[in-house]
Amino acid sequence: QKAKKLENVCEDVQQQIMNAGGEPLRNQKAKVEEATKTCEQASKELSKAKLACKGLLKKVEKARNAFEEANEELKQLERKKVELEESFKIIEDGALEVIQALEKVKALEKDMSSKVSDMKKVYTQMRTEQNKFDKELIDVENEIDICCDDLAKAEERVSTWTKKELENKKLFHTFLPQGMENKKVSESNENESQDGSDSDSESGIKKKNTKEEAFTSLPDLTTEEAKDIDLSKLRDKIRALKEEVDKMKKNVNMGAIDEYLKRDSEYSLMVKDLEGATLKRDEARNACDSLRKKRLDEFMSGFSVITLKLKEMYQMITMGGDAELELVDSLDPFSEGIVFSVRPPKKSWKNIANLSGGEKTLSSLALVFALHHYNPTPLYVMDEIDAALDYKNVSIVANYIKERTKNAQFIIISLRNNMFELADRLVGIYKTENATKSITINPAKIMQKQNQLSKEHRDGDVLHDCTNTN
């Protein structure tokens with residue numbers, strides 16, 4: 001209680017001290033406090049102004065330096081502009097020369113194309129004439145063969161008849177007297193020697209004529225020599241010769257000539273069929289060769305384009321790798337096939353069979369994209385192509401499919417979110433109550449609705465803040 005009394009007393013004394021000056025003192029104290037507050041605030045503002053002034057000075061200095069740099073860059077750009085204008089004039093002059101040269105080349109190409117067409121026409125005419133000459137040559141060769149066969153047969157006949165003639169002469173001389181026989185033999189020897197000398201000097205056709213004349217000619221006999229001939233023996237000999245001729249007629253095939261003519265006509269028809277077959281074979285062979293050449297040209301042109309695009313695709317996907325398509329047999333690319341070699345980043349060249357799963361996937365996708373660049377396909381179906389890829393490579397492949405292949409439709413089965421988030425449509429497949437179901441989502445519409453909702457939510461927050469401030 002004493003303490004409380006003392007406290008009350010102290011408070012009263014303090015109150016009396018505060019009220020000692022009265023109301024004027026309190027007013028002066030309040031003014032002093034306000035003046036100190038304004039001084040402190042002015043000092044703060046002065047320090048802020050000094051800092052702002054220093055910042056402005058620095059900014060002015062930077063702006064001055066930037067202005068000077070801009071002036072220097074402007075001067076450099078003006079110099080570059082002058083240089084570019086001069087180079088542009090040079091390029092224009094060169095372009096005019098190139099255009100003129102191109103026009104000359106086009107004119108030459110037209111002239112050469114007309115000349116080539118004329119030469120092709122001449123070549124076709126000469127080819128047809130050559131085919132005709134070949135046919136005529138074959139016919140002539142066939143006729144020559146037939147004539148040679150006839151000539152050989154005629155020579156055989158001539159030789160047989162000459163032998164028979166000699167035999168008949170010998171038989172005839174057997175019936176002559178001894179003196180006359182010697183005379184006729186010497187005459188016949190002289191005639192034969194003369195015929196031999198004549199035949200050595202004449203050609204093969206004249207030999208045949210001399211032999212036929214020798215066969216038809218008989219020795220001229222005088223009346224005395226004819227009287228000395230024994231007619232009975234001569235008749236017997238003639239009768240024997242006739243019997244021999246009759247026997248030969250029985251053994252000779254008289255229908256051989258008709259059979260020969262028939263076979264000859266069949267042979268000529270077969271020769272014509274053979275000529276037609278050879279012509280068709282040559283035409284088919286030429287058509288096959290032209291198709292093979294066309295296939296080879298088109299394949300090589302496409303192969304070069306695909307090889308270059310494969311390099312570009314693989315370098316883009318792997319960030320620095322390299323890929324190569326090589327022909328096993330460059331002379332015949334369709335016989336041995338193609339080798340696909342790959343050099344992953346910071347590694348050596350390897351065959352695609354010796355790569356890991358992710359490297360095989362990237363190599364295959366690079367080849368697919370190169371083929372799509374050369375000959376686009378309207379639809380692709382890919383099953384978990386990103387299963388063996390990391391996050392970076394999945395994003396690269398997904399963005400490439402999204403941006404670069406807008407002229408085709410890709411159906412991709414994937415479980416990676418950075419792959420299917422870029423899709424135009426999402427088809428989800430799930431199982432509930434032992435039944436498989438699917439749902440289709442349009443991500444673009446969902447994002448649009450989400451943006452609208454977030455915008456409305458932000459507008460509502462702004463209105464709420466405004467009402468709270470008011």
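## Helix 7 and helix 10

M313, M316 and I317 in helix 7 meet N393, I396 and Y400 in helix 10, where a contact means heavy atoms within 4.5 Å. By class, this contact of helix 7 with helix 10 has 5 nonpolar, 1 polar and no charged residues. Nonpolar covers Ala, Val, Leu, Ile, Met, Phe, Trp, Tyr, Cys and Pro; charged covers Asp, Glu, Lys and Arg; the others, Gly among them, are polar.

The axes of helix 7 and helix 10 come within 9 Å and cross at roughly 135°. That makes helix 7 oblique to helix 10. Axes are lines fitted to C-alpha atoms, for helices over the stretch in contact, with angles from 0 to 180 degrees between N-to-C directions. Angles under 35 degrees count as roughly parallel, over 145 as roughly antiparallel, 65 to 115 as roughly perpendicular and the rest as oblique.

## Basis of the model

This is a predicted model, in which local features need pLDDT of at least 70 and side-chain atom pairs count only at pLDDT 80 or more, while totals for chains, interfaces and linings use all residues. Residues are numbered from 1 along each chain as its sequence is written, and side-chain values use heavy atoms, leaving out hydrogens and water.

Helices (H or I, at least four residues) and strands (E, at least two) are DSSP runs, numbered from the N terminus.

## Residue A323

A323 is found in strand 1 (residues 322-327). A323 is buried, with a relative accessible area of 0%; buried means under 20%, exposed over 50%, and partly exposed in between (1.4 Å probe, protein chains only). The C-alpha atoms of A323 and V342 are separated by 4.4 Å, although the two are 19 residues apart along the chain.
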